[in-house]
Amino acid sequence: MGMEISDELLSAVVPVIVFWVFSFFYELLAQNCVNYRLHPIGEEEEKNTVPRSKVIKGVLTHQALQILTVCIVTKVWEEKGEAPTVQHSLPLIAVQFVIGMAVIDTVQYFGHRYMHENKFLYKHTHSAHHALVVPYVYGAQYGSLLEGLVLDTMGSSLAFVVSGMTVKTSIYFYSLAIIKNLDVHSGLYFPWNPLQGFFPNNCAFHDTHHQLKGQKYNFSQPFFLSWDLILGTYRPFTVEKRKEGGFEVCLLTKND
């Protein structure tokens, strides 16, 4: 009899596997599709203040904590009898995905913005992520453990609880959230990318926030722009072609 892997374990481990598979895929594209890059090759090493080796180590540490937390949350929720066990219809699953996206966006916006506005929290937590002035794909989950736990892991877990999705459905939802976050940090502006076509919160939008003059704006991630637009923290921008090839994101002033 073969070993059966529980849905709880899969919901924790599969998104991590998805993270590294898609990171590898995006890195290949970044090295071979230079005309779609937002930054020239080599600019990461020039402007970022943290080496890639430290980023990888930090991401792996965050993911170990993420796996443990997700396993605990899903197991406790199921044992309490709160998590549904019967798979829902596709229309209901679609609604649950939208609710989950809204929850993640809400946690990310308010937590992210507060970490910028609170100087102590910015210095001791979020500044680690902004050491990546030039974002790249697997830097999406690089930052302090506290930030990763509160904004990423607990935000996703809250989306699972509030939406009422099954543990099996959460495997697909978490994976989608991971892929979307990777795309936002990829620095690859593909006009034919369905994620960037459907969601206005794309890599160009998030690149503005990583610019030194854009850190007080454009906090939303990874799906929609809603909270920035509602609360007045949206800053418009343009995407222009560079003479050397590729694209460049330019923040606009309020008068533009």
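Me: What volume does the second largest cavity have?
Reply: The second largest cavity has a volume of about 180 Å³. A cavity here is a set of points, on a 1 Å grid over the protein atoms alone, where a 1.4 Å probe fits but cannot get out. Points are joined across faces, edges and corners, and the volume is the space filled by probe spheres set on them. This is a predicted model, in which local features need pLDDT of at least 70, side-chain atom pairs count only at pLDDT 80 or more, and totals for chains, interfaces and linings use all residues. Residues are numbered from 1 along each chain as its sequence is written, and side-chain values use heavy atoms, with hydrogens and water left out.

Me: Switching to helix 7. Why call it largely enclosed?
Reply: Because 16 of its 19 residues are buried, helix 7 is largely enclosed by the rest of the structure. Buried means under 20% relative accessible area, exposed over 50%, and partly exposed in between, with a 1.4 Å probe and protein chains only.

Me: What span should it have, residues 167–185?
Reply: It should span 27 Å, and its end C-alpha atoms are 27 Å apart, which agrees. The expected span is 1.5 Å times one less than the number of residues. Helix 7 is followed by G187, with a positive phi near 70 degrees.

Me: How many salt bridges are there?
Reply: The count comes to seven, taking a side-chain nitrogen of Lys or Arg within 4 Å of a carboxyl oxygen of Asp or Glu. One of them joins K168 and D7 at 3.5 Å, N to O. K168 is in helix 7 and D7 in helix 1, so the pair ties together parts 161 residues apart in sequence.

Me: Which residues make up the salt-bridge network?
Reply: E27, R37, E44, E45 and R52 are linked in it. In the R37 to E44 bridge the closest N and O atoms are 2.9 Å apart. R37 is buried at 5% relative accessibility, and E44 is buried at 9%.

Me: What does Y136 touch?
Reply: Leaving out residues up to four places away in sequence, Y136 touches E27, E44, N48, R52, V55 and H185, with contact meaning heavy atoms within 4.5 Å. Y136 is in the loop between helix 5 (119–124) and helix 6 (145–163).

Me: Last one, where is the cis proline, P222?
Reply: P222 is in the loop between helix 9 (203–210) and helix 10 (226–231). The cis peptide bond runs from Q221 to P222, with omega near 0 degrees. N218 is in the loop between helix 9 and helix 10 too, and has a positive phi of about 55 degrees although it is not a glycine.

Notes. Helices (H or I, at least four residues) and strands (E, at least two) are DSSP runs, numbered from the N terminus. On a 1 Å grid over the protein atoms alone, a cavity is a set of points where a 1.4 Å probe fits but cannot get out, and a pocket is an open set with protein on both sides within 12 Å along at least five of seven lines; lining residues have an atom within 4 Å of a point.
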